[in-house]
Amino acid sequence: MKNVKPKLPVGAAKPKSATARRAAPRVKNLYSQDELEEIFRRFSIQRPEPKGELEHVNPFTLVVAVALSAQATDAGVNKATRALFAVADTPEKMLALGEEKVRDYIKTIGLYRNKAKNVIALSEMLIRNFGGEVPRTREELVTLPGVGRKTANVVLSMAFGQSTIAVDTHILRIANRICLAPGKTPDEVEDKLIKIIPDEYLYHAHHWLILHGRYCCKARKPECERCVIADLCKSPEKTCDIPAPLVELPPQIISAAG
């Protein structure tokens, strides 16, 4: 079947060339280049336009939502932030709301006290250092309180259309389980994925892998009979070699249910 090249959003940064991304020697991998192409081709057919599942209305609310999602589910964060963002969708409004009221909105989220402090602190820093605008570089983003490399990569991808790989728990698990990019740390896995994912699929790869881990290759028990790459997968845990039918899935429904 003909390769389906995912569409980038308007204004999205084009993926770095293979030469630029693979200046270092190619990492050893159990998958051939043809197999890697086929894995992501299938993901592209299954989910042509994958989306992040954190609700947000602009780059600022995205930064806040991703920072709040640490050790919490996206659905749980959505439930808390829906009301919060209705009254505070800019750093200025969030600062005016104050830490105590922010706490009240997000108290159903784990570590909410510390997260409320970070939300106020990052709002202050955005106003003081960046004119109230979310910066567009990883180096600047990680200077914000509560924002690490993973959060920065999510923001660069979802808000600014840059091709990044944000390694969360799902991707760390999947990369190791299916032997795609084995590594002990998120940074190690990110570096390997950047080197092996075909250029034309890099922009959406982050979401494809997360959603695959969330809904198919689940943490407790992978549902191999529902997997579209079961025949290609090299996981020693897999229980099926027959791939599921390659059909487009229904549109994602972003839930705010707890």
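Here are a few labels and the values behind them.

Guide: This is a predicted model, with local features needing pLDDT of at least 70, side-chain atom pairs counting only at pLDDT 80 or more, and totals for chains, interfaces and linings using all residues. Residues are numbered from 1 along each chain as its sequence is written, and side-chain values use heavy atoms, leaving out hydrogens and water.

Visitor: Why is N78 called buried?
Guide: Buried means under 20% relative accessible area (1.4 Å probe, protein chains only). N78 has 0% relative accessibility, so N78 counts as buried. N78 sits in helix α4, residues 74-87.

Visitor: Which backbone oxygen lies 2.8 Å from a polar atom of the N78 side chain?
Guide: That oxygen belongs to E53.

Visitor: What makes α6 oblique to α7?
Guide: The axes of α6 (residues 99-106) and α7 (residues 112-130) cross at roughly 130° and come within 9 Å. Angles under 35 degrees are roughly parallel, over 145 roughly antiparallel, 65 to 115 roughly perpendicular, and the rest oblique. Therefore α6 is oblique to α7. Their crossing is right-handed.

Visitor: Which residues of α6 make the contact with α7?
Guide: They are E99, V102, R103 and I106, where contact means heavy atoms within 4.5 Å.

Visitor: How do α10 and α11 cross?
Guide: The axes of α10 (residues 169-177) and α11 (residues 186-196) cross at roughly 65° and come within 10 Å. This crossing is left-handed. I171, L172, A175 and N176 of α10 meet P186, V189 and L193 of α11.

Key:
Helices (H or I, at least four residues) and strands (E, at least two) are DSSP runs, numbered from the N terminus. Buried means under 20% relative accessible area, exposed over 50%, partly exposed in between (1.4 Å probe, protein chains only). A polar contact is a pair of N or O atoms within 3.5 Å; within protein, one must be able to donate a hydrogen and the other to accept it, and residues adjacent in sequence count only if both atoms are side-chain atoms. Axes are lines fitted to C-alpha atoms, for helices over the stretch in contact, and angles run from 0 to 180 degrees between N-to-C directions. A crossing is left-handed if the near helix is turned anticlockwise from the far one by less than a right angle, and right-handed if clockwise.
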